[in-house]
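Before you build on this structure, please read the short note below, which is written for someone meeting it for the first time.

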Amino acid sequence: MAHRQDQQRRASIHDVASRAGVSAATVSKVMAGVATVKPENAQRVFDAIEQLAYRVDPLASDMRRAKRRIIGAIMPEFESEFFGQMVSQLESLAEQRGYTLVAASSRESEARETEILARMHDWRVAGVVLAPVRNEHGPAAAFMKANGMTGVLIDRVLSDDAFDTVSADSGAASAEVARELIGKGHRHILVVGLGEQAATVRARLDGFRTTALRLAQDVRIDVVLAESDVEPLRAQLRDYFAEGERPTAVYSLFLKGTLVALSEFRRRGWHCPNDISLVGFDDAEWMQVTWPAIAAVVQPVRQIAGHAMEALFARIEGEEGPPTARLEPCKVLMRESVGSPGNGPHSVNPQ
């Protein structure tokens, strides 16, 4: 049993040094690529590493540093394509720098968000990429400031006095959606989303409403927002239509809301775009392959992740200066779910 346990024990740097007949310091130099080690000693170290299947223990090596080579990432959820792709991009960029990414979901809970952040602080992560539940003024950002953590805030943020921020230009994208819908003749539009406390929801709603009203003073914009979950939104949307409201277009401010709206259309036997037009913020594969394909605002995931990690590593490496706020442009794709009102049986407003 003792022999089996010895076989299963992970080889240490001291085991490599003993097998190669050199000091642990020499092994460390060889692993770091220091050129002053004698070639014959370096070869013995490489041979020992291969024989023992030695791998560097990042936690052990990081104990000698104030920070570990770990980047934390906290997203509101992992179910959407946007946040799933964001984590994948962040992981790839972290590994290119020789870091490991540890990602966790706050599950749209600010309490859980802060709890996860406290754990990451205990782990002495080098830095954190945080997509807050609501905005840059939440408890998680406050915890990071109070504890002197290095971080970048992404997505549901505008600007901050302590951290660099990177997000999509939601306001400009929503303004473009408004121009498209008004240009096609829509004058009664429903906007659906989650609570206005999130910075991105406010930016999307304000961008859409301001532009639509500027282009057409007679436009009617109804707003249905649920505070925290899609089920209350589904119930509110059902009640809204049951009261006889007949908008000619719906603009959803988030991905799940687009699916909720579409399912409600189908339950009522309405078809896009003849009966009602639909545009969703965020794109997904199902929106592209369904018929009709759903018009969408496509967020620049790769660009947001890239600039966020660029800013984070600059801060990790000691860059000083005031925080920067970066907005990345989105792409608006007007697919077959959008048309002009008056093309189908739902064209006559009974009000």
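The points below take up confidence, the sheet and its helices.

1. This is a predicted model, in which local features need pLDDT of at least 70 and side-chain atom pairs count only at pLDDT 80 or more, while totals for chains, interfaces and linings use all residues. Residues are numbered from 1 along each chain as its sequence is written, and side-chain values use heavy atoms, with hydrogens and water left out.

2. The mean pLDDT (the predictor's confidence in each residue, from 0 to 100) of the protein chain is 88, and 90% of its residues reach 70 or more. Confidence is lowest in helix H1 (residues 2-8), with a mean of 43, and highest in strand E8 (residues 249-252), at 98; helices (H or I, at least four residues) and strands (E, at least two) are DSSP runs, numbered from the N terminus.

3. Six strands form an open sheet of mixed pairing, in the order E7-E6-E8-E9-E10-E12, where two strands pair if DSSP finds at least two bridges between them. Its edge strands, E7 (220-226) and E12 (331-333), each pair on one side only. Strand E10 (residues 295-298) and E12 pair in the antiparallel sense over three bridges, and Val298 stands opposite Lys331 in E12.

4. Helix H11 (residues 230-242) lies across strand E6 (188-194) and E7, running at about 145° to E7, with axes fitted to C-alpha atoms, for helices over the stretch in contact (heavy atoms within 4.5 Å), and angles running from 0 to 180 degrees between N-to-C directions. H12 packs on the sheet, touching E6, E8 and strand E9 (277-281), and its direction makes about 160° with that of E9.
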